[in-house]
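Open your viewer and get ready to select residues. Each stop names what to pick and what to look for.

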Amino acid sequence: MNTYTVRELRHTMERWNSEYALVLDEAHASNLQRTRLLSPLAAALNGFFAVLFLWMALSAPDDDPAYRWKLWQLLTHTGMGAAFALCAWACRPLEHRHRSWSGRWLPVLAMAVCIGFAMLITAIDQWVTPAITPFFIACIVTSLTIFLRPHVAAALFGVAFVLFSTLIGMTQHNPEMLLSNRINGLAVCVIGFCLSVLMWRKFTTIAVQKHQLEKAHTELQLKQRELERLTRQDGLTGLFNRNTFVELSTNELKRAKRQGSATTILLLDLDHFKRINDTWGHPAGDVVLRHVAQTMVNSVRSTDLVGRLGGEEFIVLLPHTTAEASRKIAEKIRQRLEVSDIRWEGKRIAVTASIGLSGTTAEESREFDSLYTEADKALYLAKQRGRNRVI
């Protein structure tokens, strides 16, 4: 075996181990659920066989040569049915506790009991037939019912073969038949192990793909939400962008009309902002814009809308607010900006703003464009009259 093959084999084993850790919890949950559902059915089936063998034993003549076989089959199926009934009872409180020790190993124990009783039934059958059908069925059912990790499956079927060979030797005394059955039993255990490994790999592959799809779906949702945020918010300040603000403001004005309440728009423009960029640089200008945005958000209610129209121009919609009350809010924003302590390279950057205000009542029923135009005219007057004021 060359170095490349060894490296590939080691890589495959490492990948399988990482996948086992990823899907093990899901496998335990599935095993416990299947055991909880199938145990009552197995108990009922064995109960039916127990009743059948009881009837056969009671109706058999006194000199029936198969009486011993019927009696032991009756006892074996009764014990097997009782074991599965006990397993079904034990599974009920573990329905949501598959991570516990008992939740992990009870399904394996149930399948071991199934194989064990099947071996006993097969050994009893040797009194009347050399077939090993019950043992074969139990091994195949175990491989298909629960998901076993390869090393657990190897231990289970290895022990099963040893016990099978021992038990069958107690009842089958024909050397040729005994050898044939032991060879067949070995083949059954090998087939059961291989089938169990294939089932585990199939389950692991599907579970890993499922986890990858869920992870990709989660990442896609996060990216979609981020994209929606970027299309609705200003990238620098986090405020609503122009299109989103107009859309939300239009809806608010319609609601105000229905509710009969007043609405006001504040249009804010920073004074001499170009001078800040020219003096301190654009990074300092970005710091100022973010500070202005945060000051405005902190100065209004959570139900008010704050947006950035572009450049150094901001806008606020104040629902259920009269023009007089809005003027006080505008003055509060202006004063907070005027006394702001914005530091850049150890020096303070002075910031002032001019604000134009426009309001409407429910009776006037004005559209957004009309309010915006009026607020823009008021802002122009504030600039003409010396800036750093509310008009």
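**Stop one: a helix turn**

Select Arg 334: at 11% relative accessibility, Arg 334 counts as buried (buried is under 20% relative accessible area, exposed over 50%, partly exposed in between; 1.4 Å probe, protein chains only). This is a predicted model, where local features need pLDDT of at least 70, side-chain atom pairs count only at pLDDT 80 or more, and totals for chains, interfaces and linings use all residues. Residues are numbered from 1 along each chain as its sequence is written, and side-chain values use heavy atoms, leaving out hydrogens and water.

Glu 338 forms a salt bridge with Arg 334, with the closest N and O atoms 3.3 Å apart (a salt bridge is a side-chain nitrogen of Lys or Arg within 4 Å of a carboxyl oxygen of Asp or Glu). Because they are four residues apart in helix α10 (residues 323–338), about one helical turn separates Glu 338 and Arg 334 (helices are DSSP runs of H or I, at least four residues, numbered from the N terminus). Glu 338 is partly exposed, at 35%.

Select Glu 26 and Lys 210. They form a salt bridge, their closest N and O atoms 3.9 Å apart. Glu 26 sits in helix α1 and Lys 210 in helix α6 (residues 175–232), 184 residues apart, so the pair links distant parts of the chain.

Go to Phe 245 in helix α7 (residues 242–259). Is Phe 245 buried or exposed? Phe 245 counts as buried, at 0% relative accessibility. Beyond neighbours within four places in sequence, its contacts (heavy atoms within 4.5 Å) include Leu 305, Ile 315 and Phe 368.

Methods: Helices (H or I, at least four residues) and strands (E, at least two) are DSSP runs, numbered from the N terminus.
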